[in-house]
Structures are given as structure tokens and as C-alpha cells.
Amino acid sequence: MSRSTLFSLALLAYHVAAQTTSTCDPRHNASCPNDPALGSGIYNQTFTSTTTELNPNFWNVTSGNAETIQFGNNGAELVIAQSGDSVTAQSTFYIMYGVVEVIMQAAAGQGIISTFDLISDDLDEIDVEIMGGNTSYVESNWYGWGNTSQYNAQYHKCDGPQQGLHNYTIVWTADQLQWIIDGNVARTLPYAKPGRYPQTPCMSGYIEALKFGIWAGGDSKQPEGTVVWAGGKTDWTKGPFTMTVQSIKITDASTNTSSYSYADNTGDQKSIKAVPGNSAAYNLINKKSAIQSAAATWNSLTTGAKIGIACGVGALLAIIIVVYTIVCIQQRRRGRAEKAIADAQWNEHTSELMEYKTLMAKGHFAVSHMGHGEKF
């Protein structure tokens with residue numbers, strides 16, 4: 001097969017890799033529901049062996065199940081083992097510009113793809129994709145409006161993405177889009193016209209949700225172009241294949257936003273309205289226990305206020321101690337009085353008993369039996 005043919009097949013794979021459908025594309029449907037925002041919140045999660053699940057408040061597992069997502073010392077482990085397997089999780093919230101930082105170890109294995117993407121309702125897309133058989137490079141990619149005729153992939157040097165954890169960060173603003181690998185800027189995409197830069201028609205931004213997961217581009221069920229792009233056919237006898245995600249941090253550039261709504265189907269940024277307020281995600285992230293809330297309130301007080309409260313508490317404790325002491329004294333006095341009364345009554349009963357015994361001994365209690373005049 002010639003090199004030009006391989007290149008054509010690789011380009012074909014980019015068509016397959018792009019997401020080309022949306023549950024509701026606002027460019028074609030003016031009645032799309034609001035998208036819940038991350039808003040002012042910062043989602044920051046480190047996965048450990050004590051983690052039991054992807055929090056359903058923040059993640060929907062759209063492919064795979066509990067058995068294919070495990071948790072170990074290095075993080076969340078997404079596992080595939082046979083033809084047709086894939087594991088994908090998608091955030092329950094959206095961001096409008098911001099920063100996404102993922103620390104992960106890609107799965108090793110020919111044809112295995114470890115990825116995380118930002119996907120919008122109007123099919124703008126930002127990708128990081130790592131082939132399991134390529135131990136030296138990772139791929140960045142993007143699409144505008146799901147346009148699969150675009151060929152925007154680039155490859156960047158990365159030492160052993162399958163052998164250890166690496167930091168992959170996307171910094172996305174109205175002016176530019178950057179892919180950063182282990183702290184080094186690998187690629188910068190300047191703003192361009194709509195459809196040529198991930199956005200809605202206005203440069204103010206567009207809305208994205210995060211997806212991450214593992215799938216087999218080299219599976220025999222995939223088109224030939226996808227298999228070539230993925231690095232070759234997957235040998236399932238060498239599985240299972242595991243992608244490990246240690247941590248995910250997401251920052252939304254939009255603040256005080258509960259959700260995003262679409263006023264019409266123009267696809268213009270002006271049709272996207274930020275609904276003010278705290279988002280559900282923000283409220284969950286910032287939810288505090290009663291102890292944490294009390295501690296936060298205490299820490300926010302001035303030194304004078306703290307001294308005043310401490311004095312007030314001390315005075316209250318002193319009052320409680322005085323009252324307790326008085327009550328105890330009163331109870332002791334009452335107890336002594338009650339004991340004295342009881343002792344007097346006992347002595348009186350004892351005296352009567354002794355007198356009764358004395359009289360009996362003298363026979364003073366001999367009486368006529370049943371009124372017949374007989375003595376006992």
C-alpha cells in the first residue's frame with residue numbers, strides 16, 4: 001500500500017473520530033433545553049483506591065458500566081477487554097471558555113485510543129487523543145460545527161504516555177486555544193472565523209461538556225481508515241487494556257451562571273444567554289457540613305469578635321456552673337431533710353413495735369374467742 005493511500009485512510013479516520021450528532025443542535029432547533037453550567041465553581045477531583053464511583057452528580061457513564069471503571073492507587077481505571085468494548089464518561093455540566101487539566105496514563109496496546117474531548121451542542125470539538133501503540137507522540141485535534149472535511153490533527157512529542165502519568169491541559173479563551181503537555185505549550189490555535197475555531201458565531205465563546213474514555217480504533221469492527229489511524233488492528237489476546245485517570249480539574253471562565261439558554265436557532269453567540277445564579281454543580285462542590293460552616297464562620301470573625309464570643313461563652317459556662325452548684329446544694333439539703341423525716345418515722349414505728357411486743361409478753365392481748373368468753 002502506498003504512502004499516499006495510507007495518508008488518505010488516515011484522513012478518513014478523522015471523519016470517523018469526530019462527533020457528528022448532537023442531542024439538540026441549537027443551529028437547527030430553537031427549543032433546545034438549557035445547558036447546566038459549572039459557572040463559578042471549580043471541579044477538582046483526585047481519584048484513589050478509596051473512591052467507589054464516578055460521582056453521578058458530575059458524571060454520566062454513557063458507555064461501559066461499573067465493572068469497566070475501577071479505582072486503584074493511581075486513579076480511575078477504565079478497562080476494555082474484548083471487541084466492541086468502550087468506556088466513556090461525560091460531565092453533567094458545561095463550561096464557556098476555561099481550563100481543563102487531566103493527569104492520566106494512556107492505555108498501551110496497538111489500536112487502543114485513550115482520549116478526552118470538549119464537545120458542544122453545535123458540534124464544536126476539542127480533542128486530546130493518544131494511540132496505545134505510539135510511545136513518543138500524542139495527538140491534538142479540533143472541529144468546527146462537526147465539519148468532518150476539516151483535517152486539523154497535529155502530533156506532539158511526549159515521552160512514554162503509556163508508561164507513566166502525564167499532565168494534559170487545554171486552555172481555551174476567546175482569543176486562542178492552547179494544548180499544554182507537562183507544562184509545555186505544544187500547540188496554539190488563534191481565533192478564526194466561526195466554523196474555523198471552536199466557537200459559536202461570536203467570539204465571546206461557546207458551550208462545552210467534557211468527555212473522557214477509552215475505545216479500540218483498531219477493532220476489526222471499525223472502518224479500515226480508523227484502524228490505520230489508530231495504529232493497526234487490536235490484538236485482544238493481549239488485553240485487558242487500561243487507561244488510568246489520576247485527576248481532573250475543570251475551571252469555567254463564566255461566573256455567576258446557573259445555566260445557558262438558546263434564544264433562537266441562528267447559532268450566534270448572541271442567542272446564548274447566561275442565566276445568573278449559582279449552578280447545581282457549584283452548590284454541590286461548595287456544600288459544607290455543619291462543622292465546616294461553623295469553622296468558616298468563626299475564621300471570618302475579627303479578633304475582637306472572637307474575644308467577645310469567648311468571654312460570652314466563658315460567662316455562660318460560669319453561670320451554668322453556679323446554677324448546677326446551687327441545684328446540687330439544694331438537692332443535698334432536701335435529701336438530708338427527707339432522710340431525717342424518714343428516720344423519725346422509722347424510730348416511731350420501732351418504738352410502737354417494741355411496746356406491742358412488751359404487752360404481748362404480759363398477756364394483755366388475751367381476748368374472748370369469737371365472743372364466747374374462752375381465753376387462748
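Is cysteine 24 buried or exposed, and what is its relative accessible area? Cysteine 24 is buried, with a relative accessible area of 11%; buried denotes under 20% relative accessible area, exposed over 50%, and partly exposed the range in between, with a 1.4 Å probe and protein chains only.

The structure is a predicted model, in which local features require a pLDDT of at least 70 and side-chain atom pairs count only at pLDDT 80 or more, whereas totals for chains, interfaces and linings use all residues. Residues are numbered from 1 along each chain as its sequence is written, and side-chain values use heavy atoms, with hydrogens and water left out.

**Confidence and overall composition**

The pLDDT, the predictor's confidence in each residue on a scale from 0 to 100, averages 80 over the protein chain, and 77% of the residues score at least 70. Over residues 1-16 the pLDDT stays under 50, and the model has 25 contacts beyond four places in sequence for this stretch; a contact means heavy atoms within 4.5 Å. Residues 200-207 also have a pLDDT below 50, with 45 contacts beyond near neighbours in sequence.

The protein chain contains five helices and 19 strands. These elements are DSSP runs numbered from the N terminus, helices being H or I of at least four residues and strands E of at least two. Of the 376 residues, 40% count as buried. Among contacts between residues at least 6 apart in sequence, 67% join residues at least 24 apart. The chain exposes about 20,200 Å², of which carbon and sulfur atoms supply 55%; accessible areas come from the Shrake-Rupley method with a 1.4 Å probe, and for residues only the protein chains shown count as cover.

**Cysteines**

A disulfide is taken as a pair of cysteine sulfur atoms within 2.5 Å, and by this rule the count comes to one. Cysteine 24 and cysteine 32 form this link, with their sulfur atoms 1.9 Å apart. The angle about the S-S bond is -95°, and the link of cysteine 24 and cysteine 32 is left-handed.

| Residue | Relative accessible area | State |
|---|---|---|
| Cysteine 24 | 11% | buried |
| Cysteine 32 | 7% | buried |
| Cysteine 158 | 3% | buried |

**Strand pairing**

Two strands pair if DSSP finds at least two bridges between them. Strand 5 (residues 75-80) is mostly covered, five of its six residues being buried. Strand 5 pairs with strand 4 (residues 69-72) in the antiparallel sense over four bridges, and the two strands form a hairpin with two residues between them. Within this pairing, phenylalanine 71 stands opposite alanine 76 in strand 5. Strand 5 is also joined by five bridges to strand 17 (residues 241-252), again running antiparallel; here glutamate 77 stands opposite threonine 244 in strand 17.

Elsewhere, three strands form an open antiparallel sheet in the order 1-18-19. Its edge strands are strand 1 (35-36) and strand 19 (272-276), each of which pairs on one side only. Strand 18 (residues 257-262) pairs with strand 19 over five antiparallel bridges, and lysine 273 in strand 19 is the bridge partner of serine 261.

**Annotated transmembrane region**

An unreviewed UniProt entry places the feature "transmembrane region" at residues 307-329. UniProt positions are given in the numbering used here, feature names are shortened, and annotations may be inferred rather than shown by experiment. In the model, the span 307-329 is 100% helix and 0% strand, and its end C-alpha atoms lie 33 Å apart.
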